[in-house]
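Trainee: I would like to go through the terms used for this model one at a time, hearing for each how the value is set against its cut-off. Could we begin with a loop?

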Amino acid sequence: MSPLQIPADAVLLPIDIQKAFDHPGLGRRNNPNLEANVRDLFAAWRAKGRPLIHVRHVSSASTMGFQPGSPGIDFKEEARPKVGEQVITKQVHSAFIGTDLERSLEAWKSRSLILFGIQTNYCVATTARMASNLGYTVLVVGDACSTLPQKMLDGSMAKPELVHDIALSELHGEFAAVVSTRDVLAAVASR
């Protein structure tokens, strides 16, 4: 397998890496390495001076701690924006709906996105699918994503590992290429 090639116009797009997902009432999430992988991706990307646009979810309709003014809307420590980095605030699953994300990507002359964040099967997958449908090249960093247990139609609960794996499998090859943090870090270091 050949090494990962990151498009020169790629923008790093972390999605909803927010404190609300730490609420114990949500259940156990998969991927305890999320924060470490996010920290490493940010450090490598910033060291190269590459464009980074943060996405966060804020909605008065939310029942999960994403209401305006709630501490849950704050970014996790590892995902905090630095001064000068753009923050896109969305109210629905897709980072493209009701935001100026497309205009920002046009300003960066970017048609390539590297996505990761929380939840794999909701906002990450929705944004990846929409980006692909809009003609962007999409890489999803699978081990820098996580999700929570999913209630099934029969009332049973699917484990977050299964939900995460299915979501990534549905994206890979159809809407995105699913890659690893290690591969992205190696590609960034080689540029």
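**Terms and values**

Mentor: Asn31 lies in the loop between β1 and α1, where helices (H or I, at least four residues) and strands (E, at least two) are DSSP runs numbered from the N terminus. This is a predicted model, in which local features need pLDDT of at least 70, side-chain atom pairs count only at pLDDT 80 or more, and totals for chains, interfaces and linings use all residues. Residues are numbered from 1 along each chain as its sequence is written, and side-chain values use heavy atoms, with hydrogens and water left out.

Trainee: Why is Asn31 called buried?

Mentor: The relative accessible area of Asn31 is 12%, and buried means under 20%, exposed over 50% and partly exposed in between (1.4 Å probe, protein chains only); Asn31 is therefore buried.

Trainee: What is the backbone phi of Asn31?

Mentor: Phi of Asn31 is near 55°, a positive value in a residue other than glycine. Lys109, in the loop between α2 (101-107) and β4, also has a positive phi near 55° and is likewise not a glycine.

Trainee: How do you know whether Lys109 is buried or exposed?

Mentor: Lys109 has a relative accessible area of 69%, so it is counted as exposed.

Trainee: Which peptide bond is cis, and what is its omega?

Mentor: The bond from Ile118 to Gln119 is cis, with omega near -10°, and Gln119 itself belongs to the loop between β4 and α3.

Trainee: What makes Ala10 a buried residue?

Mentor: Ala10, placed in strand β1, has a relative accessible area of 1%, and it is therefore buried.

Trainee: Which residues does Ala10 touch?

Mentor: Not counting residues up to four places away in sequence, Ala10 touches Trp45, Arg50, Pro51, Ser110, Ser112 and Ile114, contact being heavy atoms within 4.5 Å.

Trainee: How do you know that the reach of helix α1 is close to the expected one?

Mentor: Helix α1 (residues 34-47) has 14 residues, and from its first C-alpha to its last it reaches 20 Å. The expected span is 1.5 Å times one less than the number of residues, and for α1 that expectation is 20 Å, to which the reach is close. After α1 comes Gly49, with a positive phi near 70°.

Trainee: Which residues of α1 are buried, and what do they pack against?

Mentor: In α1 the buried residues are Leu34, Glu35, Asn37, Val38, Leu41, Phe42, Ala44 and Trp45, and they pack against β1 (10-15), β2 (53-57), β4 (112-117), β5 (137-141) and α5 (181-190). An α-helix has 3.6 residues a turn, so residues three or four places apart point the same way.

Trainee: What makes a set of residues a nonpolar core, and which members of the largest one touch the most others?

Mentor: A nonpolar core is a set of buried Ala, Val, Leu, Ile, Met, Phe, Trp, Tyr and Cys residues joined through side-chain atoms within 4.5 Å. The largest one holds 53 residues, of which Leu113, Phe116 and Val140 touch the most other members, while α1 gives the most to this core, with 6 residues. Leaving aside neighbours within four places in sequence, Phe116 is in contact with residues including Leu12, Ile15, Val38, Leu41, Phe42, Val124 and Val141.
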